[in-house]
Amino acid sequence: MAAGLRKRGRPGPAIRAAGLCGQWLRRAWQERGLLLLEPRYTLLVAACLCLAEVGITFWVIHRVAYTEIDWKAYMAEVEGVINGTYDYTQLQGDTGPLVYPAGFVYIFMGLYYATGRGTDIRMAQHIFAVLYLATLLLVFLIYHQTCKVPPFVFFFMCCASYRVHSIFVLRLFNDPVAMALLFLSINLLLAQRWGWGCCCFSLAVSVKMNVLLFAPGLLFLLLTQFGLRGAIPKLGICAVLQVVLGLPFLLENPVGYVSRSFDFGRQFLFRWTVNWRFLPEAFFLHRAFHLALLTAHLTLLLLFALCRWHRTGESILSLLKDPSKRKVPPQPLTPNHCFYPLHLQLHWHLLQPLPSLPVLRLVFPHTALPPVGHTCTLAHTPAQVAGAGTH
């Protein structure tokens, strides 16, 4: 062998990854007619949409007027805590008393200092823009794993949605913070990180109580995977975290903290509703209407739990047993078991930041889209490509 020739070694990980990426992009270009229809291209379309959202969100911040609704009230509420007031009944802002749990206080206290005591609105908008892009990424990761939604749908839920940009960067509500934590917890649950998933879920609840609407779904999943005895430690994580976060306020006035931050009887004003605007205000504010909605919600949860999700042939009480003692052992958690993509906007409280997002299966899944594709793997043969185009 000539001295100048050297034996070539195996290519490094970076070179192999670049080769696979190039091969994937070439195949995507060859199948470009399916890019917007096949769920297996979710990540590619999501990456393009995220890049587009950087420009769109920047344009919205600098071209569309900011609307003050709750931001000053948030800052006034956390300023009271900074000044040493830990009695929740004494904390209030321009729009009324503080009605959010302790996690909200800590997060917005950080925003208070990051925005010059709440005066630098533009800085707050940029922070929420980053939060929006992070939330969008978390949602796309969930959709990538469900493999049921054609990628063209994503354009309408982000780039074409004025409401989403408005809530994040033009209103600076606390809902985006809570929902970002919720979607992070969903991704952790899908990765079988149950402890961390429950922790993030509890953090989301500590920002806004509305996240409790997802609690029945989480409970069902925990019972399915671990049984009653195994689910108790996971539920304990949620409970302990709430106590730890609220401890300074619980020590000062426990009744005031619980009654204010978890007030289940609080009246929702008619002027803020979107979905029920067609109703007369007197009807909307009537307690009988509230009880009817709650009854319908609980009834649907019970019916779906009995008839759709629990199909093992055993009684639903079998979920309380240890999984090893059941006739049908639990299957590994997958997105198709847990989440349904919604094509209709749900209750204002439920998905205010991002309409048309996946939710836990026990929260009104009856508007689910039918499956569009059956696989997220790349087709390798012309026959497979042709078959994928028929879905």
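In this predicted model, helix H9 meets helix H10 through Trp194, Gly195, Cys198, Cys199, Phe201, Ser202, Leu203, Val205 and Ser206. On the H10 side, the partners are Ala215, Leu218, Leu221, Leu222, Gln225, Phe226, Lys234, Ile237, Cys238, Leu241, Gln242 and Leu245. Sorted by class, this contact holds 15 nonpolar, five polar and one charged residues.

**Geometry of H9 and H10**

- H9 packs against H10, which spans residues 215-252, at an angle of about 55°, and the two axes lie 8 Å apart.
- Angles from 65 to 115 degrees would count as roughly perpendicular and those under 35 degrees as roughly parallel, so H9 is oblique to H10.
- H9 and H10 cross in a right-handed sense.

**Geometry of H8 and H9**

- Helix H8 covers residues 175-190 and H9 covers residues 194-207; they pack at an angle of about 165°, with 8 Å between their axes.
- Because angles over 145 degrees count as roughly antiparallel, H8 and H9 are described as roughly antiparallel to each other.
- The crossing of H8 and H9 is left-handed.

**Residues between H8 and H9**

- H8 contributes Val177, Ala178, Leu181, Leu182, Leu184, Ser185, Leu188 and Leu189 to this contact.
- From H9, the residues they meet are Trp194, Trp196, Gly197, Cys200, Phe201, Leu203, Ala204 and Val207.
- The contact of H8 with H9 comprises 14 nonpolar residues, two polar ones and no charged ones.

Notes
Residues are numbered from 1 along each chain as its sequence is written. This is a predicted model: local features need pLDDT of at least 70, side-chain atom pairs count only at pLDDT 80 or more; totals for chains, interfaces and linings use all residues. Side-chain values use heavy atoms; hydrogens and water are left out. Axes are lines fitted to C-alpha atoms, for helices over the stretch in contact, and angles run from 0 to 180 degrees between N-to-C directions. Helices (H or I, at least four residues) and strands (E, at least two) are DSSP runs, numbered from the N terminus. A crossing is left-handed if the near helix is turned anticlockwise from the far one by less than a right angle, and right-handed if clockwise. Contact means heavy atoms within 4.5 Å. Ala, Val, Leu, Ile, Met, Phe, Trp, Tyr, Cys and Pro count as nonpolar, Asp, Glu, Lys and Arg as charged, and the others, Gly among them, as polar.
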